[in-house]
Amino acid sequence: MQALIGGLLEYSRAGVDESSRRPFELETSRDLALVNLRGSLAESGAVVEREALPVVVGDSVQLAQVLQNLIANALKFRRPEAAVLIRISAEQRGNEGVVSVADNGIGVDPQYAERIFMIFQRLHTRAEYPGTGIGLSICKKVIERNGGRIWVEPTQGGGSTFRFTVPLAPSGGR
Ligand SMILES: Nc1ncnc2c1ncn2[C@@H]1O[C@H](COP(=O)(O)OP(=O)(O)OP(=O)(O)O)[C@@H](O)[C@H]1O
Ligand SMILES: [Mg+2]
């Protein structure tokens with residue numbers, strides 16, 4: 001119940017504060033997300049590959065929250081028989097950055113690719129995987145309020161790759 005109420009509060013706050021949009025290094029948000037998850041990262045023995053990320057425009061705290069939700073999902077929806085591998089990378093497309101968080105986990109059936117971004121939509125029971133089904137809906141709200149899009153694709157060789165777009169800082173990144 002506490003997780004549910006906390007999640008709902010976070011969902012209702014996500015993306016409302018226009019004044020906190022400014023240029024920042026997305027690597028700072030990524031590192032904050034990784035620090036917040038250091039306990040579960042160490043416990044799972046996950047390998048996290050970090051590639052260079054651009055300078056973007058948005059709310060750095062909310063972008064950290066997005067990355068944290070995606071990385072936490074990559075840890076949670078792992079395949080029991082495989083060591084967790086997470087790759088965080090970005091590429092430039094015009095004046096946007098496309099940021100990817102790729103995992104080698106259980107994957108998302110393409111028919112549910114849109115549904116999982118809706119609030120309370122989960123593909124498993126809480127007995128199988130704990131959670132409230134709010135994380136991705138927060139990601140979607142934050143990214144869309146920031147002028148971006150978020151979607152999921154299969155990872156080559158198994159797993160899922162979540163991608164989102166974010167405006168690049170006017171200087172063209174770094
Ligand atoms: N990396 C992933 N691999 C496989 N399935 C995923 C992944 N991320 C999300 N999903 C699926 O999408 C559903 C919705 O994800 P979401 O993060 O919104 O909820 P949750 O993780 O179940 O709960 P919460 O984030 O509130 O703790 C998940 O329950 C799961 O079925
Ligand atoms: Mg989640």
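## Ser-44 and helix 3

Ser-44 sits in helix 3, the stretch covering residues 38-44. Keep in mind throughout that we're looking at a predicted model. At a relative accessibility of 18%, Ser-44 falls under the 20% cut-off, so it goes down as buried.

What does the side chain of Ser-44 reach at 3.1 Å? That would be the backbone oxygen of Leu-41. There's a contact to Ser-40 as well: a polar atom of the Ser-44 side chain lies 3.0 Å from the backbone oxygen of Ser-40.

## Where ligand 1 sits

Now for the ligand. Ligand 1 takes up the space of the largest pocket. Which elements give two or more residues to the shell around ligand 1? They are helix 4 (60-76), helix 5 (135-145) and strand 7 (160-167). Helix 4 hands over the largest share, with three residues.

The shell counts 21 residues, and the ones that come nearest to ligand 1 are Lys-76, Asp-103, Arg-122, Thr-132 and Leu-136. Sorted by class, the shell around ligand 1 has nine nonpolar residues, nine polar ones and three charged ones.

Gly-133 works through its backbone instead, with an N or O atom 2.9 Å from an oxygen atom of the ligand.

How much of ligand 1 does the protein bury? On its own the ligand exposes 590 Å², and the protein buries 93% of that.

Is Leu-63 buried or exposed? Its relative accessible area is 0%, so Leu-63 is buried. Along the chain, Leu-63 and Ser-29 are 34 residues apart, yet their C-alpha atoms are separated by 6.3 Å.

Strand 7, another of the elements in the ligand shell, holds Val-166. Val-166 has 1% relative accessibility and therefore counts as buried.

## Out in the loops

Two loop residues are worth a look. Ala-52 is in the loop that runs between strand 2 (47-50) and strand 3 (55-58). With a relative accessible area of 52%, Ala-52 is over the 50% cut-off, so it counts as exposed. Ala-52 and Glu-91 are 39 residues apart in the chain, and 9.1 Å separates their C-alpha atoms.

Phe-120 belongs to the loop between strand 5 (96-103) and helix 5. What is phi of Phe-120 near? The value is near 70°, which is positive in a residue other than glycine. As for accessibility, Phe-120 comes in at 44%, so it is classed as partly exposed.

Definitions and conventions: Residues are numbered from 1 along each chain as its sequence is written. Chains are lettered from A and ligands numbered from 1 in the order in which they are written. This is a predicted model: local features need pLDDT of at least 70, side-chain atom pairs count only at pLDDT 80 or more; totals for chains, interfaces and linings use all residues. Side-chain values use heavy atoms; hydrogens and water are left out. A residue is near a molecule or strand if one of its heavy atoms lies within 4 Å of it. A polar contact is a pair of N or O atoms within 3.5 Å; within protein, one must be able to donate a hydrogen and the other to accept it, and residues adjacent in sequence count only if both atoms are side-chain atoms. Accessible areas come from the Shrake-Rupley method with a 1.4 Å probe; for residues, only the protein chains shown count as cover. On a 1 Å grid over the protein atoms alone, a cavity is a set of points where a 1.4 Å probe fits but cannot get out, and a pocket is an open set with protein on both sides within 12 Å along at least five of seven lines; lining residues have an atom within 4 Å of a point. A molecule sits in a cavity or pocket if more than half of its atoms lie within 2 Å of its grid points. Helices (H or I, at least four residues) and strands (E, at least two) are DSSP runs, numbered from the N terminus. Ala, Val, Leu, Ile, Met, Phe, Trp, Tyr, Cys and Pro count as nonpolar, Asp, Glu, Lys and Arg as charged, and the others, Gly among them, as polar. Buried means under 20% relative accessible area, exposed over 50%, partly exposed in between (1.4 Å probe, protein chains only).
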